[in-house]
Amino acid sequence: MTATPRPKPVIFLGDSRDQLSTFPATIKARAGVELFAVQCGLEPSDWKPMATVGAGVKEIRVRDETGAYRVIYLAALRDQVLVLHAFQKKTRRTPQRDIELAAKRLKAWKASSHAS
């Protein structure tokens, strides 16, 4: 019998946890389910790669009648999932400032002692 892998812990960078907490309840719940899947080594149900942020970075996409919401994360690490940014998307294209903020947080994390 094989052991069930333990979910990887989620590390929220910057204000990503606070931003996620402002999402409508249904979006928050769906984003939580998607993040748990990622913690368990699975793909979220709706995602896209975000190579402009960094290698292995992906975006969870959740939508309802209030709009489109995104959670940018990196799960390619062996022992944790990094949530780089969470925001409501108001335009068709992801705003450059959101991409740059996620990339800045990833770069700062890599430069810190946490990236060992």
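Author: Two strands are said to pair if DSSP finds at least two bridges between them, and this wording is applied here to a predicted model.

Reader: Which strands stand at the edges of the sheet, and why is one side of each left without a neighbour?

Author: Five strands form an open sheet with mixed pairing, and their order is β1-β5-β4-β3-β2. A strand at the edge has a single partner strand, so one side of it is left without a neighbour in the sheet. The strands in that position are β1 (10–12) and β2 (47–49).

Reader: How many bridges join β4 to β5, and which residue of β5 is the bridge partner of Tyr 73?

Author: Strand β4 covers residues 67–74 and strand β5 covers residues 81–89, and the two run antiparallel. The bridges that join them number seven, and within β5 the partner of Tyr 73 is Val 83.

Reader: Which helices pack on the sheet, and what angle does the direction of α3 make with that of β5?

Author: Helix α2 (residues 25–39) packs on the sheet, where it touches β1, β3 (57–64), β4 and β5, and its direction makes about 150° with that of β3. Helix α3 (residues 96–111) also packs on the sheet, with contacts to β3, β4 and β5.

Reader: How far does α2 reach from its first C-alpha to its last, and which residue with a positive phi follows the helix?

Author: With 15 residues, α2 is expected to span 21 Å at 1.5 Å a residue, and its reach from first C-alpha to last is close to that, at 21 Å. The residue that follows α2, with a positive phi near 85°, is Gly 41.

Reader: How many bridges does β3 form with β2 and with β4, and how many residues make up the hairpin that joins β3 to β4?

Author: Strands β2 and β3 pair in the antiparallel sense over three bridges, and in β3 the bridge partner of Pro 49 is Lys 58. Strands β3 and β4 pair in the antiparallel sense too, over eight bridges, with Glu 59 standing opposite Ile 72 in β4. The hairpin between β3 and β4 joins them through two residues.

Methods
Residues are numbered from 1 along each chain as its sequence is written. This is a predicted model: local features need pLDDT of at least 70, side-chain atom pairs count only at pLDDT 80 or more; totals for chains, interfaces and linings use all residues. Side-chain values use heavy atoms; hydrogens and water are left out. Helices (H or I, at least four residues) and strands (E, at least two) are DSSP runs, numbered from the N terminus. Contact means heavy atoms within 4.5 Å. Axes are lines fitted to C-alpha atoms, for helices over the stretch in contact, and angles run from 0 to 180 degrees between N-to-C directions. The expected span of a helix is 1.5 Å times one less than its number of residues.
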